[in-house]
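This report describes a single chain, going from one of its sheets to its cores, its surface and its salt bridges. The sequence and structure come first.

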Amino acid sequence: MKENSKILIWGTGNVARNVLANGIEGEIIGFIESKKTKSDFMGKRVYTPGEIPAEYDYIIIASSYTAEIYQKCKERNINIGKVIFLSTVKDQKGFTDVAIIKKILGTKNFANFCDEFGLWGDSFFMDDMEKYSALNIRNHFNINKGYLWPVIRDKYAAAGNINNYFWQDLWAARHIYKSKVNKHFDIGSRIDGFIAHLLAMDIDVSVIDVREFPGEVEGLHTIVDDATKLSRIEDGSVHSMSALCSLEHFGLGRYGDEINPEACFECFSEMQKKLAPQGKLYISVPVGRERLEFNAHRVFFASTIIENFQDMILKEFSCTADGRIEYKVDIHQYDNDEHDGNYRYGLFYFQRK
């Protein structure tokens, strides 16, 4: 390996940011996006796959779309032998010299690399095992190779993850807590996040989802049904309702639901019918330049959401992105935002007229 290798990073999202924060050995000369959305990133030029400069030593794939990028490399005749993949792809053949990869990636990134590819023997694990054995004085807690359970990724990980889901769940739960309701209705939000928050507050929660629920929990009432109709809910009966990162998926077939391009808009209408006068509604959807990314989700203009809830009064529009939250945002502020996989969630708090 050269003293100062020229490195290209394929990706400009959270994966790339984390890799850079952990430290890379070499000169980063630019970034690559499969679909170019920006001209520069972190002070360096952003290239398309067709614009990659000839003078580079390695490309690090720092993106969650590894399979697609691998295929793109093959289509563009990019030298796979100079590509370092940070996550596995079936039958991929990239750069494989572990000693050089360790030098380029640095201690923290290399630990994650070893975890991903099952290379615990090349990580810190063996050194730590020797240190432990030299210091241990309790026979019942000697290292037994029959009971090894290598955990590599946790050594340099942060104490937790404050991401978009964290903020949207906390945002909605705080509003509901302040409203002092004792019953709440939800459409498809996270059971192990937002719904758990409400149950901990002794709020009785009913959840509708097209998918089967994993089990029974005290205070949680589950309905397996098509949420676009809400046929089991009486009109004007709900005083508190939510749908966090669920509505954008309706009608795309991703979760086993029927294909229906109008599904989310039908649900918007039904939600308003079910709410009682002065009833409160909390929803979260991806916002930015409006488009469909089939079959994952839709991205909405914030104004589209507001226009489709004409029976409601908008009390708050906030946003969360990159693990941060912005309160009371102008509804048109992110109309041209394309995100490139690093999504911004619009947080809408409505009240029924």
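## The open sheet

The model is a predicted one, in which local features need pLDDT of at least 70 and side-chain atom pairs count only at pLDDT 80 or more, while totals for chains, interfaces and linings use all residues. Residues are numbered from 1 along each chain as its sequence is written, and side-chain values use heavy atoms, with hydrogens and water left out. Helices (H or I, at least four residues) and strands (E, at least two) are DSSP runs, numbered from the N terminus.

Strand β1 (residues 6–10) and strand β2 (residues 27–32) run parallel and are joined by 5 bridges. Another partner pair of these strands is I7 with I28 of β2. Of the 5 residues of β1, 4 are buried, where buried means under 20% relative accessible area, exposed over 50%, and partly exposed in between (1.4 Å probe, protein chains only). The open sheet has 6 strands in the order β3-β4-β2-β1-β5-β6, with mixed pairing. Its edge strands, β3 (40–41) and β6 (83–85), each pair on one side only; two strands count as paired if DSSP finds at least two bridges between them. Strands of a sheet pair through backbone hydrogen bonds, either parallel or antiparallel.

## Nonpolar cores

A nonpolar core is a set of buried Ala, Val, Leu, Ile, Met, Phe, Trp, Tyr and Cys residues joined through side-chain atoms within 4.5 Å. The largest one has 33 residues, and I187, M271 and I283 have the most contacts inside it. At least two residues of this core come from each of β7 (183–187), β10 (238–244), α7 (263–274), β11 (275–287), α8 (302–307), β14 (312–321) and β16 (344–352). Another core, of 28 residues, lies apart from it and includes I9, Y58, F95 and I101.

Leaving out residues up to four places away in sequence, M271 touches I187, L230, M241, A243, L247, L281, I283 and F309. A contact here means heavy atoms within 4.5 Å.

## A nonpolar surface patch

Y132, F141 and I143 form a nonpolar patch on the surface, with about 290 Å² of accessible area together. Accessible areas come from the Shrake-Rupley method with a 1.4 Å probe; for residues, only the protein chains shown count as cover. Patches are made of residues with over 30% relative accessible area and no salt bridge, like charges being joined within 9 Å and nonpolar side chains (Val, Leu, Ile, Met, Phe, Trp, Tyr) within 5 Å. Y132 lies in helix α4 (residues 125–135) and is partly exposed, at a relative accessible area of 37%.

## Salt bridges

The structure holds 17 salt bridges, each defined by a side-chain nitrogen of Lys or Arg within 4 Å of a carboxyl oxygen of Asp or Glu. In one of them, D115 pairs with R153, with the closest N and O atoms 2.9 Å apart. This pair links distant parts of the chain, 38 residues apart: D115 is in helix α3 (residues 98–117) and R153 in the loop between α4 and α5 (164–179). D115 is partly exposed at 30% relative accessible area, and R153 is partly exposed at 34%.

The side chains of D235 and K274 form a salt bridge of 2.6 Å, N to O. They are 39 residues apart, D235 being in the loop between β9 (220–224) and β10 and K274 in helix α7. D235 is partly exposed at 47% relative accessibility, whereas K274 is buried at 5%. Within helix α7, E270 and K273 are 3 residues apart, about one turn of the helix, and their side chains meet in a salt bridge of 3.3 Å, N to O. E270 is buried, with a relative accessible area of 16%, while K273 is partly exposed at 41%. Salt bridges with shared partners join D235, E270, K273 and K274 into one network.

## The chain overall

The chain contains 8 helices and 16 strands. Its C-alpha atoms fill a box of roughly 70 × 60 × 35 Å along the principal axes. Of its 353 residues, 45% count as buried. The chain exposes about 19,100 Å², of which carbon and sulfur atoms supply 48%. Among contacts with a separation of 6 or more, 61% are between residues 24 or more positions apart.
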